[in-house]
Amino acid sequence: MSPDDLERHRVELTGYCYRMLGSGFEAEDAVQEAFTRAWSGTFDERRGSLRTWLYAIATNICLDMRRSPQRRAVPAGSPAVPGTPLGEPLPETAWVHPVPDHKVLDPADATVARHTVRLAFVAALQHLPPRQRAVLILRDVLCWRAAEVADLLGTTVASVTSALQRARAAFPAPPVSAEVDQALLDRYCAAFTAHDVPALVALLHEDATMTMPPFAWWLRGRDTLAAVLTHAEAPCKGATLRQVRANGDLALAQYAPDGSAFAIVLVETAGGLITATHTHLDPQLFPLFDLPMSSGSPLRIPG
């Protein structure tokens with residue numbers, strides 16, 4: 001076993017751990033720990049493939065990391081009223097975070113649907129107990145056979161089948177949103193950076209929502225969003241946007257008017273309109289995306 005033998009599994013393992021944990025940072029930590037344990041352990045090819053062994057190690061690490069009853073989520077509850085304060089930010093462990101496509105999706109793997117790393121899908125997974133979550137991901141997302149999952153988890157096929165049935169019954173599967181249209185995103189970027197509120201509002205669905213983690217504050221409805229956007233002079237006016245790929249779709253990196261990293265924005269669409277925006281106000285996400293912390297710095301292309 002060589003370092004290259006491990007590295008060829010990094011992307012798919014990170015995608016698996018991201019679905020389990022809801023955080024790109026934690027997923028990378030889990031995979032690195034899995035590689036460390038694998039390198040210091042003894043791989044016996046008579047007992048299965050290296051890939052299966054790595055998944056078993058990564059699964060145990062994720063289960064250990066999720067023993068706490070707290071789960072990551074997306075803003076929910078009653079929408080806020082325009083003009084009300086944002087409130088106190090919640091800790092980063094409260095939220096499902098965006099993740100760059102190149103860290104979790106292998107272009108060569110046609111079996112894994114991009115919607116399974118969408119924010120809503122990953123947030124829905126967090127509702128399941130960790131062991132059921134692992135079974136659902138392995139069986140329904142990664143298409144493993146029941147016998148393979150049973151061997152990985154050290155249990156029986158009957159136990160895996162039972163866990164999968166319970167997981168499917170409890171899984172609040174979100175609707176699959178349409179892929180973001182490039183032309184629509186271009187119009188959104190143009191209206192946003194020009195602070196052209198009427199043009200921006202014209203792109204919104206009547207029931208569009210807007211969230212801003214780490215704040216629980218969120219809004220629903222085109223008219224409500226229009227009222228807020230009209231008075232949102234900064235950091236929107238003069239902002240710079242860069243298109244990136246995140247969670248299986250097009251997304252945006254937003255830089256503040258002074259050029260500093262500001263937010264990663266995920267966009268959802270349907271029927272040619274924007275149905276939701278999720279503005280993650282966490283500049284520390286930019287290194288995860290291989291993005292510079294200043295809009296004046298050159299963009300690093302993922303290798």
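## A friendly walk through a predicted model

Student: Where is Ala 246 found in this predicted model?
Tutor: Keep in mind that the model is predicted. By secondary structure, Ala 246 belongs to strand β3.

Student: Is Ala 246 buried or exposed?
Tutor: Buried residues are those under 20% relative accessible area. Ala 246 has a relative accessibility of 2%, so the residue counts as buried.

Student: Which residues does Ala 246 touch, leaving out those up to four places away in sequence?
Tutor: Let's start with a distance: the C-alpha atoms of Ala 246 and Arg 114 are 10 Å apart, although 132 residues separate them in sequence. As for contacts, Ala 246 touches Val 99, Pro 100, Asp 101, Ala 251, Leu 266 and Phe 289.

Student: What is the phi of Asn 247?
Tutor: Asn 247 sits in the loop between β3 and β4, and it is buried at 2% relative accessible area. Most residues other than glycine have a negative phi. Asn 247 has a positive one, near 50 degrees.

Student: Where does Asp 290 lie, and what is its phi?
Tutor: Asp 290 lies in the segment after α13 (285-288). With a relative accessible area of 18%, Asp 290 is buried. Its phi is also positive, near 60 degrees.

Student: Which two residues are joined by a cis peptide bond?
Tutor: Most peptide bonds are trans. Here is one with an omega of about 20 degrees. Its second residue, Pro 214, lies in the loop between β1 and β2 (215-220). The cis bond joins Pro 213 and Pro 214.

Student: How many residues of strand β6 are buried?
Tutor: Strand β6 covers residues 273-280, eight residues in total. The strand is mostly covered, and the number buried is seven.

Student: In which sense does β6 pair with β1, and in which with β5?
Tutor: Strand β1 (residues 204-212) meets β6 over four bridges, with Leu 204 standing opposite Ile 274. Strand β5 (residues 261-270) meets β6 over seven bridges, and there Ala 270 has Leu 273 as its bridge partner. The sense is parallel for β1 and antiparallel for β5.

Student: Which residue in the turn between β5 and β6 has a positive phi?
Tutor: β5 and β6 form a hairpin with two residues between them.

Student: Which elements do the buried residues of α10 pack against?
Tutor: Helix α10 has 12 residues and reaches 16 Å from first to last C-alpha, close to the 16 Å expected. Its buried residues are Leu 184, Leu 185, Tyr 188, Cys 189, Ala 191 and Phe 192. They pack against α11 (197-202), β3 (240-246), β4 (249-255), β5 and β6.

Student: How many disulfides does a search of the whole structure find?
Tutor: A disulfide is a covalent bond between the sulfur atoms of two cysteines. The search of the whole structure gives a count of zero.

Student: What kind of aromatic pair do Phe 121 and Phe 171 form?
Tutor: The structure holds five aromatic pairs. In this one the ring centres are 5.3 Å apart and the planes at 70 degrees, so the pair of Phe 121 and Phe 171 is edge-to-face. It links distant parts of the chain, 50 residues apart: Phe 121 in helix α6 (residues 119-125) and Phe 171 in the loop between α9 (157-170) and α10 (182-193). Phe 121 is buried at 11% and Phe 171 at 15% relative accessibility, and the name of their arrangement is edge-to-face.

Student: Which residues do ring pairs link into a cluster?
Tutor: Aromatic pairs number five in this structure. The cluster linked by ring pairs consists of Tyr 16, Tyr 55 and Trp 144.

Student: What percentage of residues 119-170 is helix?
Tutor: The unreviewed UniProt entry lists this span as "domain: RNA polymerase sigma factor 70 region 4 type". Its end C-alpha atoms lie 18 Å apart.

How values were computed
Residues numbered from 1 in each chain as written. Predicted model: local features only at pLDDT ≥ 70, side-chain atom pairs only at ≥ 80, totals over all residues. Heavy atoms only, no water. Buried < 20%, exposed > 50% of the residue type's maximum accessible area, 1.4 Å probe, protein only. Pairing = 2+ DSSP bridges. UniProt positions renumbered as here; feature names shortened; annotations may be inferred. Disulfide = S-S within 2.5 Å. Phe/Tyr/Trp six-rings, centres within 6.5 Å; stacked < 30°, edge-to-face > 60°. Expected span 1.5 Å × (residues − 1). Contact = heavy atoms within 4.5 Å.
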